[in-house]
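Work through the exercises below with the structure open beside you. Try each task before reading its solution.

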Amino acid sequence: MSLDLETLKKELNPEQYRAVTSIDGAILIIAGAGSGKTRVITFRIAHMLDMGIPQSQILALTFTNKAAKEMEDRVKELTGRKLQNLTVSTFHAFGVRVLRQDIDKLGYRENFSIYDETDRTALIKECGRELQFSPDAMDIYKISQLFSNIKTGRKNWQGENDMYRQLYESYQEGLKLFNAVDFDDLIVLPIKLFREHPEVLARYRERYKYIMVDEFQDTSHQQYELMHLLADQNVAVVGDDDQSIYSWRGADYQNIINFEKDFKVTEIRLEQNYRSTGTILDAANGVISHNTNRKDKKLWSGKGEGKPIEIFMPQNETEEASFIAESIQGIAMEDRRKYDEFGVLIRANTQSRFIEEAFLENNIPYTMSGGTSFFERKEIKDVISYLRVISNHDDDINLLRIINVPRRGIGRAAIQVINDEAENLGSTLWTAIHSLVHAEASPASDVLKEDLETFETLIESQRQKLMSGRGLAKKVREMLEEIDYKSYLVTEYSKSEKAVRFKLKNIELFLEMMERWEIDPDNSNPSLFNYLNRVTLMSRDNGDDENDKGKVNLMTIHASKGLEFPVVFIAGAEEGLIPHQRSVDENGGDVEEERRLFYVAITRAREKLLISSCMKRRKQMSVIECTPSRFLDEIPANLVEYHEPQKELSMEKTHDILANMLKQFKIPDNTDF
């Protein structure tokens, strides 16, 4: 498609047109929910290319791999060009790209590993043991959060935090020793690099003349800092302060205000919503208008009023789950909808169990987002750990994970011997293993030497295979056969044949995903390094969702952001859940972010919105009386229909539905089957 100005005028509304054609200077695009934000970003990039701006000068940053891929695909579709030099990337993937080029200037080797949450936890525990921290002082989740906050400058070493300072220093030394970085480093280290090596920053500023940031309200201080360093003058940010729901992971919608301070900004607002009915938008506007700290905007729709919002008050969570499952079946039949047109949103993971059980009971296929990642499953982590050690022998965390998987006689006592040797040499575990096997005066017994030599030979021989040539998935499959991982699973899960089958199926899915990645024509370098970086970023940003077609989408509200469904259920609209008790307690009753979360939930719905609020709910061992969420009262009363859940469809209703279906299929309803 040629994107001359006349074409753009036809394709876009006036505000979108202005956002797409304003190329120079600093542009703040406030994009309300469903206002065609992705369309604006992709048209804007395509228009820039059409104007003759070289693709290598454009950098578009977003938050998930899925969003980056969608954006890139749509620009390619619009322009009909391959665009191999266009950079559309998540912040973290961009950080990896910068570090791959210049991390040696910070004292690392270029083939560094990226530690995910599990690796990070293992290293913190290891450092804690070395420093003889008492198990009581090792609340790993709390320590991990603190380290992240310290590293990204959100907290300092004041008060009780100070007791963990030595542990933090030991953790940082460990990362450096193992030539590894954690997720925070993927933003923090490029900033350090740019500040300490102005010539590196100058190179990037020279290259990227036009920068765009999507979901700007979700940027952290560090991400803002990275963008600010890179951006010379032509920078466009797109966001919506009403959808800022990630403060707990460092996002700060105040960055919108910082942006206005730091740059001479032109503001453009997109308020026409293309997703939802008038009723759903009026409900969303009604709720969010109770927040004081926001840019005033009012979404409007050209789609007509639509159906009222339905609110149900089931007795308890079991009844709520049955109501959701039965309503989905009823609506699917009545409105001829597919299962993947339904979104069921929950505030907390604990709510999912009852709903999942009701889905299973009613044979409703579903997919759960916001739960455990595919890449966090033990069998997948085992395979990935092998690949990490093969590609970077100095990765101690992953080496410890697989040294005795499958069991090869290297138990706890043997690991102690390896640890002692590493301490004596001031080296990584791999160097210690090599020393124990080959040194003349080795403290290792002959049996241990033999076991370690077998392990060392295995890793070295696999390295030669996996680091050269193509066919990565095929080679990984052969490696798993060589170590006989299947027999290991059979032994480990001897009581459950089903568990073994499930785990083998997961490994097969993993290898199929790897195969698809290898043969992708856009993938110019399907190397093991690139695959491992991709897996780390994917398990953090998004899983693989190709297998989720035709299933109901059960997810946390946080996981639903950016998605939309014709029919949406919001479960558990009660005080203590939404707003969540923690936010009410911790913020002294400031529930603005929780209100934004509810706003995000409402605006996921295109045509039909059903909300349930239980009268009672189980909490730990007791049953408590529930109060409906204060946010329900903020929805204008004329938009809402309160009613009891339908127990079951009446005979007449069932007959009407059947007759309707027969009519649609043009079958006379007196047909004798």
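Ala, Val, Leu, Ile, Met, Phe, Trp, Tyr, Cys and Pro count as nonpolar; Asp, Glu, Lys and Arg count as charged; the others, Gly among them, count as polar. The model is predicted.

**Exercise 1. The second largest pocket**

Task: Describe the lining of the second largest pocket by residue class and by element.

Solution. 
- Start with the space. The second largest pocket holds about 640 Å³.
- Next, find its centre. There are 20 lining residues, and the closest to the centre are Ala-122, Glu-126, Arg-129, Leu-400 and Arg-401.
- Then assign elements. Two or more lining residues come from each of α6 (117-130), α17 (396-402) and α18 (412-425). α6 gives the most, with 7 residues.
- Finally, sort by class. The lining of this pocket has 7 nonpolar, 5 polar and 8 charged residues.

**Exercise 2. The largest cavity**

Task: State how many cavities of 30 Å³ or more there are, and describe what lines the largest cavity.

Solution. 
- Count first. There are 3 cavities of 30 Å³ or more.
- Take the volume. The largest cavity has about 70 Å³.
- List some of the lining. Residues there include Arg-100, Asn-111, Phe-112, Arg-388, Phe-529 and Asn-533.
- Assign elements. β4 (113-115), α16 (378-391) and α24 (528-541) each give two or more residues to the lining of the largest cavity. The largest share, 3 residues, comes from α24.
- Sort by class. The lining of the largest cavity divides into 4 nonpolar, 5 polar and 2 charged residues.

**Exercise 3. Thr-42**

Task: Is Thr-42 buried or exposed, and what does Thr-42 touch?

Solution. 
- Thr-42 sits in helix α3 (residues 37-50).
- Check its accessibility. The relative accessible area of Thr-42 is 1%. Buried means under 20%. Thr-42 is therefore buried.
- Look along the chain. A polar atom of the Thr-42 side chain lies 2.8 Å from the backbone oxygen of Thr-38.
- Look further away. Leaving out residues up to four places away in sequence, Thr-42 touches Met-71, Arg-74, Val-75 and Leu-78.

**Exercise 4. Leu-577**

Task: Is Leu-577 buried or exposed, and which residues is Leu-577 in contact with?

Solution. 
- Leu-577 is in the loop between β15 (565-570) and α26 (581-586).
- Apply the cut-off. Its relative accessible area is 11%, so Leu-577 is buried.
- Collect contacts. Beyond four places in sequence, Leu-577 is in contact with Arg-347, Ala-348, Gln-351, Gly-572, Glu-594 and Arg-617.
- Compare sequence with space. Leu-577 and Gly-306 are 271 residues apart in sequence, and their C-alpha atoms are 28 Å apart.

**Exercise 5. An aromatic pair**

Task: Classify the ring pair of Phe-194 and Tyr-204 as stacked, tilted or edge-to-face.

Solution. 
- The whole structure has 20 aromatic pairs.
- Take the geometry. For Phe-194 and Tyr-204, the ring centres are 5.5 Å apart and the planes stand at 55 degrees.
- Apply the limits. Planes under 30 degrees apart count as stacked, over 60 as edge-to-face and the rest as tilted. The Phe-194 and Tyr-204 pair is therefore tilted.
- Phe-194 lies in helix α9 (residues 185-196) and Tyr-204 in helix α10 (residues 198-207), 10 residues apart.
- Check burial. Phe-194 and Tyr-204 are both buried.
- Widen the view. Ring pairs join Phe-94, Phe-194, Tyr-204 and Tyr-208 in a cluster.

Conventions. Residues are numbered from 1 along each chain as its sequence is written. This is a predicted model: local features need pLDDT of at least 70, side-chain atom pairs count only at pLDDT 80 or more; totals for chains, interfaces and linings use all residues. Side-chain values use heavy atoms; hydrogens and water are left out. On a 1 Å grid over the protein atoms alone, a cavity is a set of points where a 1.4 Å probe fits but cannot get out, and a pocket is an open set with protein on both sides within 12 Å along at least five of seven lines; lining residues have an atom within 4 Å of a point. Grid points are joined across faces, edges and corners, and a volume is the space filled by probe spheres set on the points. Helices (H or I, at least four residues) and strands (E, at least two) are DSSP runs, numbered from the N terminus. Buried means under 20% relative accessible area, exposed over 50%, partly exposed in between (1.4 Å probe, protein chains only). Contact means heavy atoms within 4.5 Å. A polar contact is a pair of N or O atoms within 3.5 Å; within protein, one must be able to donate a hydrogen and the other to accept it, and residues adjacent in sequence count only if both atoms are side-chain atoms. Rings of Phe, Tyr and Trp (its six-membered ring) pair if their centres lie within 6.5 Å; planes under 30 degrees apart count as stacked, over 60 as edge-to-face and the rest as tilted.
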